[in-house]
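Subject: Two-chain model, handover and notes

Hello,

Here is the structure I said I would pass on.

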Amino acid sequence: MSIAVTTQLICFSILSLIIIIGSLGVVLLESIVYSAFLLGGVFMSVAGLYLLLNASFVAAAQVLVYVGAINVLILFAIMLVNKKEDLKPIKYLNSRKLISSTICITLLSLLVRVDLSNSWLIADPKLSIGEESTIRLGEHLFSDYLLPFEVASVLLLMAMIGAIVLARRDVLSEDISTGLPVDQELIEKSDKPLLIEKQ
Amino acid sequence: MTNGLDLEYSFNEALKSFGVPSEIAHIIWLPFPMLIVLVAAVVGVLVTVWLERKISAAAQQRIGPEYAGALGVLQPIADGLKLLVKEDIIPEKADSILFTAGPVLVLVPVILSWLIVPFGQNLLISNVGVGIFLWIALSSIQPIGLLMSGYASNNKYSLLGGLRAAAQSISYEIPLALSVLAIVMMTNSLSTVDIVNQQSGAGILSWNIWRQPIGFVIFWICALAECERLPFDLPEAEEELVAGYQTEYAGMKFALFYLGSYINLILSALLVSVLYLGGWGFPIPVETISNVLNIPLDTSFVQVITATLGIIMTILKAYLLVFIAILLRWTTPRVRIDQLLDLGWKFLLPISLANLLLTAGLKLALPRFFGG
């Protein structure tokens, strides 16, 4: 075995170990902050796997989008609303756990089935495009994947408008979670101060 | 375009002549550029700290460091040694794992980003294809470290500082990436070496600063905000937050934050010089000079001279920008957090989008000047 292959094997095993243990930690740990930080670690290791597959652009995009944006926003949300409160005891906890574990195991077996029924051999390893991949990704996004690309952007726009509607509570006259009338409005108006009492 | 000095190739050839297989030679070579860049980064920090002390003293009509070495040049080393031997304190109620991991997560991405800084045609650690995009991706990891240390300190000032740092970093990353995108569009490549080569046609006249003046200003403002330098040093605003996320840190852990912020400043200055000021290029192209003097460029002696000139030019441009950053720090007041976010989202973001559109239009209209 050559040195390059050995290094790849070692890197692959370490990364997979981090991913498996990390994602178990994300699900099983009690502290939500630890879960969020571990999630960042899992995202980073997935980026490492992409690097091993010679997909450096996808790896960098993974770090930028998942670690730099999504994980930071999750942490941000957790730290802004980190209330220490005792959760109400949930009824039928054991049967709920049973149902969710059944669903997870079914999904896992589906994935294993896909894994076993496909042949993953690349026809010719020399055909791998490596550094060219950025150009090829762009070509695909603007030709045969144009419709999904545009639909995804419309979806993101909808999510953004939805978030703005939810955040600007003046649109709704009552609080959606409690049903009480909204007593303050947080809208910027040029002639009024930021926070005013409603009559 | 000549290839210039290629140390890796010469090193591998030399080892091969001793009968070492090329794979082993490659492995022996690997640590050298990393070590050199690490040492260069740390020495760069020492120089910058000294400059900061001297320039701030001049701005406030003081003398500044004077007794440690000539003109106080040894003062930063004394500072570093002091931090090294200080007691390492972890507050009792702090979360010790996250408290330790935070500073490491802040420093490591910054040092990794030096991977793509070119000092010459072949004088960089790795000419990776994703180049400048790697830096943008890596710099987005930093806020996680800041949030981590802010949270783990179990101190309200630290938490506020960490949250501010993350908010600031998210807001300014977008205009930064958009202004880099305009450059990438002109170059047709993400690689830093290609970006410099594209600017090397006519010396100082072909530098990107003339083609991307708006992008240059946006990038510089965003880089200052990402480095948390005044006027954007809200995360550690001492009058409001004691020292922000660094409040509980002492000794070497604090030194990691300190190192990280200064290495980041030098890195940003280097990248501004690579993206907008022609990188290692001399104001008059080296090819023109060699034609006038009638010296062939491919002799080894001339190659060493041009490589040295390239390194000197890169560092000179970077330190000019560092000087401007230091001068800005000691002469401008701090902005408020709402002003900071307004500037990022309501001003820089639309302008950088407009700049991108303008660049695309000019690229189609004048492909000769804006890269076809």
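This is a predicted model: local features need pLDDT of at least 70, side-chain atom pairs count only at pLDDT 80 or more; totals for chains, interfaces and linings use all residues.

Residues are numbered from 1 along each chain as its sequence is written, with chains lettered from A and ligands numbered from 1 in the order in which they are written.

The chains

Chain B has 16 helices and 0 strands, where helices (H or I, at least four residues) and strands (E, at least two) are DSSP runs numbered from the N terminus. Its radius of gyration is 22 Å, close to the 21 Å that the globule rule gives for 372 residues, so chain B is as compact as a globular protein of that length. The radius is taken over C-alpha atoms, and the rule is 2.2 Å times the number of residues to the power 0.38. Along the principal axes, the C-alpha atoms of chain B fill a box of roughly 65 × 55 × 45 Å.

Chain A has 6 helices and 2 strands, in the order α-α-α-α-α-α-β-β from the N terminus.

Of the 372 residues of chain B, 44% count as buried; in chain A, buried residues make up 14% of 199. A residue is buried if 20 or more other C-beta atoms lie within 10 Å of its own, exposed if 12 or fewer, and partly exposed in between, with C-beta atoms placed from the backbone.

Two residues are in contact if their C-beta atoms, placed from the backbone, lie within 7 Å. Among contacts in chain B between residues at least 6 apart in sequence, 79% join residues at least 24 apart. For chain A, residues 24 or more positions apart account for 34% of the contacts with a separation of 6 or more.

Contact between the chains

On the chain B side 21 residues are in contact with 19 residues of chain A. Helix 2, helix 6 (131-139), helix 7 (142-152) and helix 8 (156-187) of chain B are the elements giving two or more residues to that side. Helix 7 of chain B supplies the largest share, 5 residues.

Helix 1 and helix 2 of chain B

Helix 1 (residues 7-17) and helix 2 (residues 22-29) of chain B pack at an angle of about 130°, with their axes 9 Å apart. The contact is made by E8(B), F11(B), N12(B), L15(B) and K16(B) of helix 1 and by S22(B), A25(B), H26(B), I28(B) and W29(B) of helix 2. The axes are lines fitted to C-alpha atoms, for helices over the stretch in contact, and angles run from 0 to 180 degrees between N-to-C directions.

Single residues

A152(B) is found in helix 7 of chain B and is buried, with 26 other C-beta atoms within 10 Å. Leaving out residues up to four places away in sequence, A152(B) touches A94(B), D95(B), L98(B), F99(B) and G102(B).

Most residues other than glycine have a negative phi. N154(B), in the loop between helix 7 and helix 8 of chain B, has a positive phi near 60°. N154(B) counts as partly exposed, with 16 C-beta neighbours inside 10 Å. E228(B) is not a glycine either and has a positive phi of about 55°. E228(B) is found in the loop between helix 11 (213-226) and helix 12 (238-241) of chain B, and is buried, with 23 other C-beta atoms within 10 Å.

Regards
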